[in-house]
Amino acid sequence: MTASLSLSQARRIALAAQGLAKVRPAGPVSPRAVGRTFAQLQLVQIDSVNVLARSHFLPFFSRLGNYDPAILQAMSGRKPRRMMEYWAHEASYIRPEHFHDLLLWQKRAWVGANGMEPALRKAMEERILAVLATSVPLTASELTARLDHHEDGERDNWGWNWNVVKRVLEHLFEEGRVSAASRSPQFERRYTLTSKVIHAVPGEGTNADRSMDRLIDAAAQAHGIGTVRCFADYFRTPLKAGAESVQRLVDAGRLERVSVRGWERETYRHVDARLPRRAEARALLSPFDSLVFERRRLEELFGFHYRIEIYTPAAKRRFGYYVLPFLLRENIVARVDLKADRAAGRLLVRSAYGEAGAPPDTAVELSAELNLMAEWLGLREVEVWPVGDLSAQVADAMTCH
């Protein structure tokens with residue numbers, strides 16, 4: 001018999017699976033707590049936008065509060081590595097145990113040098129791999145200098161206008177032959193051989209179905225509840241293969257079919273998913289947070305319509321440039337456009353909008369969260385601009401702290 005769940009129950013399952021159902025821990029945040037959170041999420045997306053903070057830092061703040069981002073740098077840059085870079089939902093930090101499985105299923109043909117003349121690419125690959133075999137990890141610009149590589153004339157209008165060395169590096173990265181050992185202060189990858197980052201490299205006999213099952217099972221754990229589309233989207237694996245994997249996991253007892261009132265799609269719950277009696281979290285969510293990856297799911301579960309407007313012309317933006325949803329208990333109740341003005345030591349709240357039905361304590365709780373974020377970012381004050389229907393209430397609440 002298929003279990004029937006209310007929308008509220010589905011929301012609480014989803015929030016618990018994402019580590020967003022509980023009040024944050026009191027006291028200093030330990031590396032162990034950060035590691036547990038990452039293991040629960042399975043991955044965090046990387047993005048270069050730094051208007052507030054690097055995007056992969058924010059999910060841990062949302063779940064743990066004022067923690068030291070240097071913990072993440074240690075997890076990704078020291079052995080044994082707890083996290084490593086590869087393509088997943090997008091460019092992401094992943095758990096190393098997923099790397100071999102993702103190699104089979106991530107096909108980013110547009111990345112790097114796929115369209116280059118084969119002989120040129122092969123020659124550059126050999127030169128790059130020879131240098132990385134005997135050197136410390138290098139950025140693309142450092143490797144370009146080490147190879148004494150010069151390009152004549154204008155580059156073509158490909159991708160981000162990378163030079164040949166960078167294009168071949170990214171191709172080798174996609175193939176799994178090189179990895180990022182760490183990032184520079186300018187957020188450039190420092191490349192090295194993958195064998196220097198993790199010991200085992202997959203052989204020809206890796207089973208594709210078992211790899212997909214491990215990825216879908218991990219995605220289902222991170223969701224708690226969801227559809228085939230939700231699970232496949234988490235690691236950006238093919239939908240058809242994901243659907244076949246879901247059926248195998250149902251047969252194996254790892255997933256169970258459930259129905260959610262108001263959610264008119266086939267839905268599955270992971271066997272390890274928890275249903276807390278209540279959700280008590282308070283969190284500002286990165287635009288790249290894994291809870292908001294799949295926009296249709298976000299709207300169906302929370303009634304929250306969300307689009308990232310970074311690439312929208314300023315005059316056409318509805319809510320702002322870098323807008324974070326605000327989660328309070330089991331609902332997303334507001335959205336705020338934030339910017340860290342580091343020179344002035346201020347967290348700028350450039351707009352604040354409440355959602356329909358937001359509870360009366362939304363502004364007070366949001367102001368407390370903004371103060372906590374400013375403290376975490378090392379900013380002295382929060383400045384609220386008079387934009388949005390919630391801004392005046394948030395500004396008033398700030399004066400009470």
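Biologist: Why does Glu266 count as exposed?

Modeller: This is a predicted model, so the value is computed from it. Glu266 has 54% relative accessibility. Exposed means over 50%. Therefore Glu266 counts as exposed.

Biologist: What makes Arg257 and Glu266 a salt bridge?

Modeller: Their closest N and O atoms are 4.0 Å apart. The cut-off is within 4 Å, between a side-chain nitrogen of Lys or Arg and a carboxyl oxygen of Asp or Glu. The pair forms a salt bridge.

Biologist: Why is Arg257 called partly exposed?

Modeller: Its relative accessible area is 36%. Buried means under 20% and exposed over 50%, with partly exposed in between. Arg257 therefore counts as partly exposed.

Biologist: What makes Glu125 buried?

Modeller: Its relative accessible area is 9%. Buried means under 20%, so Glu125 is buried. Glu125 forms a salt bridge with Arg177, the closest N and O atoms being 3.1 Å apart. Glu125 sits in helix H6 (residues 118–134), and Arg177 in the loop between helix H8 (164–175) and strand E5 (178–183). The two are 52 residues apart. Arg177 is at 35% relative accessibility, so it counts as partly exposed.

Biologist: Why is it said that Arg282 and Glu365 tie parts together?

Modeller: Their side chains meet in a salt bridge, 3.3 Å from N to O. Arg282 lies in strand E10 and Glu365 in helix H13 (residues 362–377), so the pair ties together parts that are 83 residues apart in sequence. Arg282 is partly exposed at 22% relative accessibility. Glu365 is partly exposed too, with a relative accessible area of 23%.

Biologist: Why is helix H1 called largely enclosed?

Modeller: In H1 (residues 7–17), 8 of the 11 residues are buried, so the rest of the structure largely encloses it. Among them are Ile13 and Leu15.

Biologist: What makes E1 and E7 edge strands?

Modeller: The open sheet has 4 strands in the order E1-E8-E9-E7. Strand E1 (3–5) and strand E7 (225–226) each pair on one side only.

Biologist: How do you know that E1 and E8 pair?

Modeller: 3 bridges join them, and they run parallel. Pairing needs at least two bridges, so E1 and E8 pair. E8 and E9 pair in the antiparallel sense over 5 bridges.

Conventions. Residues numbered from 1 in each chain as written. Predicted model: local features only at pLDDT ≥ 70, side-chain atom pairs only at ≥ 80, totals over all residues. Heavy atoms only, no water. Buried < 20%, exposed > 50% of the residue type's maximum accessible area, 1.4 Å probe, protein only.
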